[in-house]
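This report describes a two-chain complex for a reader who has the sequence and coordinates at hand.

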Amino acid sequence: MTNPLTAPRGAPIIAVSNLVKQFGRFAALRGVTAEFDSGKFHLILGDNGAGKTTLLRALAGLTAPTRGEISILGKNPHEASQEIGYMAHPSLLYDEMSGMENLRYFARLYDIAGYSRCEQVIRAVGLDPELSRPVGKYSQGMRQRMSLARAILHDPRILLLDEPFSNVDVHSAREMVGLLKGMCDAGKTIFVVTHQAALLEGVADEFVWMQAGQIVDRTNGLARGPLPSGDVRAVEP
Amino acid sequence: MKSFWSITLATLAKDIRLEWRSKDALNAMLFFSLLVVVIFVFSFDPLAEESRHIVGGLVWVAFLFAAVVALNQTWARELRNQVLDAYRVSPAPANALFLAKALGNFILVSLLEALMAPLFVIFYNLRVLGPAWQLIPVALLGTWALVVNGTFFAAMSLRTRSRELMLPLLLFPVSIPAVLGMVAGTTNILTGENPAHFYIVLLLTYDVVFTTACLALFETVLQAE
């Protein structure tokens, strides 16, 4: 594998090897092995329970694999945390504080001095930094945008976004897609888990199809041929 | 190191701001302690001399139970919207979070003690016969003993199904040496019959040992699933 720290766009930035994650007797990931290129927009698709969220959480360092290895920029997810931005299905924000107050707190966690960066990212997601309303009183769309602002606050090279468009109206979702496309064009590596794949057709570089805890196909578009038989291997717990 | 203290203070300030806005823990603790004091007053009607012997126990039992209410609240707000995950994915040290939470709880419980102590003095007609200043180290060290373990065990029981039951089950047995030190130290100071130095040293040792252990183990607790 090319050294990801010096690798040009398109070289692997994340490598997972034989990744297994079990919750009790249930295996959420069953031996996932893959490399993901830098500067690309990866869309992860699959039915409920396919292992998409578990894979994203493992890449973010929130779930320790039962077996296997994850290498992000040549490091483990915890060591690479400065380079990872993570947005989950819940907002990961304090409802009782305003968006700006939330971001000021999270900025301190990343050693970001001053508040100009907070204002910058709030404006970047189309919100007003002066908004004093607590996040708990935001609309769902505003909350999703603020959640994205938190994820990009420290200017990470890799963005892991879990259902960023859920409960967001089509217009706002398209705006968010445009923002993500711009970030990808600027060299960020983006992973999006969503059930609204049509929104990202023509934007995503790669469609990663998951089923039963495995990556079963990787395509350049939403069209996908029938699954070859025997493609999904069972892994003994 | 600068970053560690900066994150600790930022987290502490954030927690105080959230508590100031909701007052969830403070209100619950105040009402709970007030109820305990009133129930004790109706249950016992001691003479001034008897009061000095039992109030040490009553005070600390009331504060111990009230502290559990605050300790549960501390982490509950980190579970809403899974905000704790935002901390876990950041490069911020786990110990900074633990220390901020413990300091926040220490401030809350100390505030409660400052508000409730005059009530105990009035209801039990207390007059300190020993060196009264020693009540300050006993209170400070005793409160830290409660909150440092309480913060740790509250984090441990965070993902359990019945965490409000788990916390006292884990915390109370471990706190027995500290409770002994607080109660005996307070009683000795109130009665003036024996010196309280031994219990102050006991509390100090307990605090050093358990603070070190909690700081050493907290990262494992934070990253547990």
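**Confidence**

The model is predicted, and the predictor assigns the complex an ipTM of 0.87 and a pTM of 0.89. In chain A the average pLDDT is 88, and 90% of the residues score at least 70. For chain B the average is 90, with 99% of the residues scoring at least 70.

Two stretches of chain A call for separate mention. Over residues 1-7 of chain A, pLDDT stays under 50, and the model has 17 contacts beyond four places in sequence for this stretch. Over residues 227-237 of chain A, pLDDT likewise stays under 50, and for these residues the model has 17 contacts beyond four places in sequence.

**Make-up of the chains**

Chain A contains five helices and nine strands. Read along the sequence, the elements of chain A follow the pattern β-β-β-α-β-β-α-α-α-β-α-β-β-β. A compact globule of 237 residues would have a radius of gyration near 18 Å, and the 18 Å of chain A agrees with this. Along the principal axes, the C-alpha atoms of chain A fill a box of roughly 55 × 40 × 35 Å.

Chain B has eight helices and zero strands. From the N terminus on, the elements of chain B therefore read α-α-α-α-α-α-α-α, and the radius of gyration of chain B is 18 Å, close to the 17 Å that the globule rule gives for 225 residues, so chain B is as compact as a globular protein of that length. The C-alpha trace of chain B spans about 55 × 30 × 30 Å along its principal axes.

**The interface between the chains**

At the interface, 23 residues of chain A are in contact with 21 residues of chain B. On the side of chain A that touches chain B, strand S5 (84-87) and helix H2 (99-109) of chain A each supply at least two residues. The largest share of that side, four residues, comes from H2(A). By class, the residues of the side of chain A that touches chain B comprise 13 nonpolar, five polar and five charged.

Two packed helices are described by the angle between their axes and the distance between the axes.

| Helix pair | Axis angle | Axis distance |
|---|---|---|
| H2(B) (residues 24-43) and H5(B) (residues 94-123) | about 20° | 10 Å |
| H6(B) (residues 135-156) and H7(B) | about 180° | 9 Å |
| H7(B) (residues 163-191) and H8(B) (residues 197-223) | roughly 155° | within 9 Å |

The crossing of H2(B) and H5(B) is right-handed. Residues of H2(B) in this contact include B:Leu26, B:Met29, B:Leu30 and B:Val37, and among those of H5(B) are B:Leu112, B:Leu115, B:Met116 and B:Phe120. The contact of H2(B) with H5(B) has 13 nonpolar residues, one polar residue and no charged residues.

H6(B) and H7(B) pack at about 180°, which makes H6(B) roughly antiparallel to H7(B). Among the residues that H6(B) brings to the contact are B:Val138, B:Gly142, B:Ala145, B:Asn149 and B:Phe153, while those from H7(B) include B:Leu167, B:Leu171, B:Val174, B:Ser175 and B:Thr186. The contact of H6(B) with H7(B) divides into 14 nonpolar, seven polar and no charged residues.

The axes of H7(B) and H8(B) cross at roughly 155°, which makes H7(B) roughly antiparallel to H8(B). The crossing of H7(B) past H8(B) is left-handed. In this contact B:Pro177, B:Ala178, B:Gly181, B:Met182, B:Ala184, B:Gly185 and B:Asn188 of H7(B) meet B:Tyr199, B:Ile200, B:Leu202, B:Leu203 and B:Tyr206 of H8(B). The classes in the contact of H7(B) with H8(B) are nine nonpolar, three polar and no charged residues.

How values were computed:
Residues are numbered from 1 along each chain as its sequence is written. Chains are lettered from A and ligands numbered from 1 in the order in which they are written. This is a predicted model: local features need pLDDT of at least 70, side-chain atom pairs count only at pLDDT 80 or more; totals for chains, interfaces and linings use all residues. Two residues are in contact if their C-beta atoms, placed from the backbone, lie within 7 Å. Ala, Val, Leu, Ile, Met, Phe, Trp, Tyr, Cys and Pro count as nonpolar, Asp, Glu, Lys and Arg as charged, and the others, Gly among them, as polar. Axes are lines fitted to C-alpha atoms, for helices over the stretch in contact, and angles run from 0 to 180 degrees between N-to-C directions. Angles under 35 degrees count as roughly parallel, over 145 as roughly antiparallel, 65 to 115 as roughly perpendicular and the rest as oblique. A crossing is left-handed if the near helix is turned anticlockwise from the far one by less than a right angle, and right-handed if clockwise. pLDDT is the predictor's confidence in each residue, from 0 to 100. The radius of gyration is taken over C-alpha atoms; the globule rule is 2.2 Å times the number of residues to the power 0.38.
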